[in-house]
Amino acid sequence: MPQRLRLGLSSSAFIYLMPREIVECMGPMRVLDDRQNKIMIDFTRRMMDAINSSDVAALECYHSMIWDSDKVLEPILESQNIEFWSVHAPYGRLLDSSSPDPDIRDAAFKACCSGINVANRLGAKVVVVHPGSKSDYEMPHFERLKLVPEVMAKVADYAAEYDIKIAVEPLPNDEVGCTLEEVLWILDEIDRPNAGVNFDVNHLFPAVAIPGMIKKAGKRIFSTHISDQDDHERHWLPFEGKLDWGAVLEAFIEIGYQGPLIYETHIKNVQTPRQAVQLVVDNYNRLIKLPVGQSIR
């Protein structure tokens, strides 16, 4: 397997190890107090210690509006052993680029700009953005989809000021941007050279169609999210679901993708960040031994 398909990890993979008090705060309009911020900083430091002592080569940092970013970034910026590849911008019902409410769309724009500011501090060159949400509005799905390009164009223009790319992530189920066609339509409407796709292999269906979708998106793929599925969103480790990983990797190589494979898996049944990281490293080492073009079935 070419070296360019190096191992990356999303900090969101540690969600099940995050202190319960912090997880319970991760709702709309919540903000951590000083004590909770300290808990989050301590957790981030343990997470980074585990990553820095591993074979993980690149990191996607999940950015939330609930914590004090300046303080939480400190233990991340202390890292000298890893490439900061991307930042995942905040998202949610109140940060929705497809909302009929212009105030919510403006909040989505500002949240993406906040993610871009964090990426600039880290030296990351990609910011992952969500095009919409699953919020229940009376406005039809496609009418909401048509609201997204105006917001995303402004986000792309803001990112361009810092030489940063935005990567629009397809979403699962009936959320706005839930097909590759919808995401590519958004990009066509934006028509910005620094706007592309964050190809999440866990958010598009059916599983058997993923290699073909990767080839269809082609050079527009700026980043990836790697996890397994069974025609439903699962965020399992590779080999736990239905994806043909030999074909998936071959497709990434065929389009010339040169970024990391960012594992965005939900790792359960471990006690420490080091155990979580080791699971990912062991899985990646199995993944890159697959003969390219040969099915794992």
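Contact here means heavy atoms within 4.5 Å. By that rule, Leu5 touches Leu249, Phe252, Ile253, Tyr257, Gly259, Leu261 and Tyr284, not counting residues up to four places away in sequence. This is a predicted model: local features need pLDDT of at least 70, side-chain atom pairs count only at pLDDT 80 or more, and totals for chains, interfaces and linings use all residues. Residues are numbered from 1 along each chain as its sequence is written, and side-chain values use heavy atoms, with hydrogens and water left out.

**Overall fold**

- The chain has 10 helices and 8 strands. Both are DSSP runs numbered from the N terminus: helices are H or I with at least four residues, strands are E with at least two.
- The radius of gyration is 18 Å, close to the 19 Å that the globule rule gives for 297 residues, so the chain is as compact as a globular protein of that length. The radius is taken over C-alpha atoms, and the rule is 2.2 Å times the number of residues to the power 0.38.
- The C-alpha trace spans about 50 × 45 × 35 Å along its principal axes.
- Of the 297 residues, 56% count as buried. Buried means under 20% relative accessible area, exposed over 50%, and partly exposed in between (1.4 Å probe, protein chains only).
- Among contacts with a separation of 6 or more, 79% come from residues 24 or more positions apart.

**Links across the sequence**

- Leu5 sits in the segment before strand E1 (7–10). Its relative accessibility is 0%, so Leu5 counts as buried.
- Leu5 and Gly259 are 254 residues apart in sequence, yet their C-alpha atoms are 6.3 Å apart in space.
- Thr272 lies in the loop between E8 and H10. At 30% relative accessibility, Thr272 counts as partly exposed.
- Thr272 and Ala50 are separated by 222 residues in sequence and by 8.8 Å in space, C-alpha to C-alpha.

**His130 and its partners**

- His130 lies in the loop between strand E4 (126–129) and helix H5 (141–145). With 12% relative accessibility, His130 counts as buried.
- The His130 side chain makes a polar contact of 3.3 Å with the side chain of His88. A polar contact is a pair of N or O atoms within 3.5 Å; within protein, one must be able to donate a hydrogen and the other to accept it, and residues adjacent in sequence count only if both atoms are side-chain atoms.
- The side chains of His130 and Glu169 also make a polar contact, at 3.3 Å.
- Leaving out residues up to four places away in sequence, His130 touches His88, Tyr91, Ser97, Met152, Glu169 and Leu171.

**Ser99**

- Ser99 is in the loop between strand E3 (83–88) and helix H4 (102–122). Its relative accessible area is 0%, so Ser99 is buried.
- A polar atom of the Ser99 side chain lies 3.0 Å from the backbone nitrogen of Asp101.
- Ser99 touches Ile104, Arg105, Tyr137 and Leu147, again not counting residues up to four places away in sequence.

**Helices H7 and H8**

- Two packed helices are described by the angle between their axes and the distance between the axes.
- The axes of H7 (residues 180–190) and H8 (residues 210–217) come within 11 Å and cross at roughly 10°. Axes are lines fitted to C-alpha atoms, for helices over the stretch in contact, and angles run from 0 to 180 degrees between N-to-C directions.
- H7 and H8 are therefore roughly parallel to each other. Angles under 35 degrees count as roughly parallel, over 145 as roughly antiparallel, 65 to 115 as roughly perpendicular and the rest as oblique.
- Leu180, Glu181 and Leu184 of H7 meet Met213, Lys216 and Ala217 of H8.
- By class, this contact has 4 nonpolar, no polar and 2 charged residues. Ala, Val, Leu, Ile, Met, Phe, Trp, Tyr, Cys and Pro count as nonpolar, Asp, Glu, Lys and Arg as charged, and the others, Gly among them, as polar.

**Backbone exceptions**

- Most residues other than glycine have a negative phi, and most peptide bonds are trans.
- A cis peptide bond joins Phe205 and Pro206, with omega about 0°. Pro206 lies in the loop between strand E6 (195–200) and H8.
- His235 is not a glycine, but has a positive phi of about 60°. His235 is found in the loop between strand E7 (221–225) and helix H9 (245–254). At 6% relative accessibility, His235 counts as buried.
- Asn269, also not a glycine, has a positive phi of about 60°. Asn269 lies in the loop between strand E8 (261–263) and helix H10 (273–287). At 80% relative accessibility, Asn269 counts as exposed.
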